[in-house]
Amino acid sequence: MKGILGLLKAKTRGGKAAEEGGDSVFFTTAFAGQGVDDAMLVPWEARAVEVGARRMAASRGGKLLQALWSKDKYMAHLDRDAVERMERFFEFAAVALNRDVIRQDEYGNFMVVLLTGTIAVDRVQPWGEHLRLAETRPGDILGEMSLLDSGIRFSACTTLTDCEIAVLSAEAMDDMMTKDPQLAASLVALLARKLSLRLRVVSARLSDSQK
């Protein structure tokens, strides 16, 4: 945790690593360090228009987020005050069924927390096989890997029902790091733990599919 907090504090001091020629340490500019230009990047604003997302009241979205994370093994480490402070950095939206919130092999700089409904996580394997990795439930987090490492999306996330979601963008993460670095450090650490666990499950699933 101290290492993560130190990195976040460095970001709030002007991103010296980027200025000195290294990779950018800001979420909003890290994609450029990977050779991803603006034309390749799919931000939430563009995806929201494409899928016809409807803005939700922050009061409803915040209550749903608080209730779900309080029951999560990892996210429950964020107390009520922390989640309430975090709510202002999220956007809340309603999305109809059969909409691709995230697409495989694209670059997207946002993550999604499912608040209500069900979202399918599917991957098309290099040899053409369509594999369903999961059907998510409220409280699950999607797309955080690309937000954290500025990499390409590993799978597609499609709504199977009408859904309500919370969206955290790269810009909002940078804003959180500037205004509340301790909160941002806690969130990044918890996301990393949850992501590690999920990758282990997905890896086992992919290995089984090749047998």
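Biologist: Which residues does V113 touch, not counting residues up to four places away in sequence?

Modeller: In this predicted model, contact requires heavy atoms within 4.5 Å. Residues up to four places away in sequence are not counted. On that basis V113 touches L65, W69, F90, G139, D140, I141, E164, I165 and A166.

Biologist: What is the bridge partner of V113 in β11?

Modeller: Strand β6 covers residues 110–116. β6 and β11 pair in the antiparallel sense over six bridges. In β11, V113 has as its bridge partner A166.

Biologist: Which strands stand at the edges of the sheet, and why is one side of each left without a neighbour?

Modeller: Five strands form an open sheet, with antiparallel pairing, in the order β2-β3-β11-β6-β9. Each edge strand has a single partner strand, so one side of it is left without a neighbour in the sheet. The edge strands are β2 (54–55) and β9 (141–142).

Biologist: At about what angle to β3 does helix α4 run?

Modeller: Helix α4 comprises residues 44–51 and lies across β3, β6 and β11. Relative to β3, α4 runs at about 25°.

Biologist: Which element gives the most to the largest nonpolar core?

Modeller: This core has 32 residues, and V113 is one of those that touch the most other members, as are W69 and F90. Elements that give two or more residues to the core include α5 (58–69), β6 (110–116) and α9 (181–209). With six residues, the element that gives the most is α9.

Key: Residues numbered from 1 in each chain as written. Predicted model: local features only at pLDDT ≥ 70, side-chain atom pairs only at ≥ 80, totals over all residues. Heavy atoms only, no water. Core = buried A, V, L, I, M, F, W, Y, C linked by side-chain atoms within 4.5 Å. Buried < 20%, exposed > 50% of the residue type's maximum accessible area, 1.4 Å probe, protein only. Helix = DSSP H or I, 4+ residues; strand = E, 2+ residues; numbered from the N terminus. Pairing = 2+ DSSP bridges. Axes fitted to C-alpha atoms, helices over the stretch in contact; angles between N-to-C directions.
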